[in-house]
Amino acid sequence: MKAPQRTTIVASITLVFCMAASAFVLRRVDRIRPQATLDDVLYINSPKSLKRASLGYDGLLADIYWTRAVQYFGEQHHSGTGDFRLLAPLLEVTTELDPRLLPAYQFGANFLAPKPPNGAGLPGAALSLMKYGIEHNPDQWRLYYNLGFLYYTEFKDFAKAADVFAQGARLPVTNEFMPILAARMAQHAGEFDTARMLWFTTYQSTKEARIRQNAVEHLLALQVDEDVTRLEQVVEKYHAQTGRFPAGMGDLERAGFIHGTPADPKGRPYKLMPDGRIEVQDPKSIYFITKGLPPGATTPQPPSEAATGSK
């Protein structure tokens, strides 16, 4: 028998064996609690019981539970119920079964931390998950980046973020931005630049389309927030010099404060309001902005959509 034929036969036998093992493991797991409700069978909060049921296939069972976690988050996110009570236990079981399953930490934290409708609103659970991940994978710079990002975005704890980024920067294999992020966090300076670098690194370090798009949306929002902040500072300078607010952008240009008509990242000119505020033309077209909104408006969020696969 030729070598390619032997390889094909071995691969086929292995595939059939894995499929059979997967089905067997699922039957064993589901028999542990035969009277459970549909939600209840999504997880069994005893990894020891699951390890016994898996008959040594811990990694396979971890993959199954990670798939269930993604599906569960996607279903709850799409339905808009805001009920994510099973998400943290699913991720906990997944990572205890296979502590080296890196996507469960990186993307699981992204499921847990953001406020609804973009996440479960459980930053504390995300923090615990990331610390567990680093404990079992101390050589993975992306986990340090994710933990530092979490401290920065959800807890506004610059000191801890700086420390985590610095730890990640000292690894043999790391990202060139890590020492820069550590320094900027330590100085508590350059907020827009720091946030831009964080989201750029997020975009750069993943291939998952939904996360990359989320990073792009945040980068656009940062540009708007920075533009509005700068323009309102210019308006204040004009007001201080003339004793009145400019009637339009033309007044600012003639006074030498700006050159041309400032526009948002979508190409729409910013609006100068009579009281000196700057607003965007279409607040709903740029997600996550915190500035440039009409009085009383809330930060626009992207429409809910189901999570698809691993992040």
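Biologist: Which residues form one aromatic cluster here?

Modeller: W141, Y145, F149, F165 and W199 form that cluster. Keep in mind that this is a predicted model.

Biologist: What makes F149 and W199 an edge-to-face pair?

Modeller: Their ring centres are 4.9 Å apart and their planes meet at 85°. A pair needs centres within 6.5 Å, and planes over 60 degrees apart count as edge-to-face. Both conditions hold, so the pair is edge-to-face. The structure holds 12 aromatic pairs.

Biologist: Where in the chain do the two partners of this pair lie?

Modeller: F149 belongs to helix α7 and W199 to helix α10 (residues 191-204). F149 and W199 are both buried.

Biologist: What about Y152 and F158: how do you know which kind of aromatic pair they form?

Modeller: Centre to centre they are 5.7 Å apart, with 70° between the planes. The limits are 6.5 Å for pairing and over 60 degrees for edge-to-face, so Y152 and F158 are an edge-to-face pair too.

Biologist: Why is Y152 called buried, and why is F158 called partly exposed?

Modeller: Buried means under 20% relative accessible area, exposed over 50%, and partly exposed in between. Y152 has 8%, so it is buried. F158 has 26%, so it counts as partly exposed.

Biologist: What sits over the ring of Y152?

Modeller: The charged end of K156 does, 5.8 Å from the ring centre. Likewise, the charged end of R68 sits over the ring of Y65, at 5.4 Å from its centre.

Biologist: How do you know that the span of α7 is close to what is expected?

Modeller: Helix α7 (residues 141-153) has 13 residues and reaches 18 Å from its first C-alpha to its last, and 18 Å is also the expected value at 1.5 Å a residue.

Biologist: What makes α7 mostly covered?

Modeller: Of its 13 residues, 11 are buried. Among them are W141, Y145, F149 and Y152.

Biologist: Now to a charged residue. Why is E208 said to have no salt bridge?

Modeller: The nearest side chain of opposite charge, R210, is 4.7 Å away. A salt bridge needs a distance within 4 Å, so E208, although buried, has none.

Biologist: What does the side chain of E208 reach?

Modeller: It reaches the backbone nitrogen of R210 at 2.8 Å. A polar contact requires N or O atoms within 3.5 Å, and the distance from E208 to that nitrogen falls inside this limit. E208 itself lies in the loop between α10 and α11 (209-242).

Definitions and conventions. Residues are numbered from 1 along each chain as its sequence is written. This is a predicted model: local features need pLDDT of at least 70, side-chain atom pairs count only at pLDDT 80 or more; totals for chains, interfaces and linings use all residues. Side-chain values use heavy atoms; hydrogens and water are left out. Helices (H or I, at least four residues) and strands (E, at least two) are DSSP runs, numbered from the N terminus. The expected span of a helix is 1.5 Å times one less than its number of residues. Buried means under 20% relative accessible area, exposed over 50%, partly exposed in between (1.4 Å probe, protein chains only). Rings of Phe, Tyr and Trp (its six-membered ring) pair if their centres lie within 6.5 Å; planes under 30 degrees apart count as stacked, over 60 as edge-to-face and the rest as tilted. A charge sits over a ring if NZ of Lys or CZ of Arg is within 6 Å of the ring centre and within 35 degrees of the ring normal. Lys and Arg count as positive and Asp and Glu as negative; His and the chain ends are not counted. A polar contact is a pair of N or O atoms within 3.5 Å; within protein, one must be able to donate a hydrogen and the other to accept it, and residues adjacent in sequence count only if both atoms are side-chain atoms.
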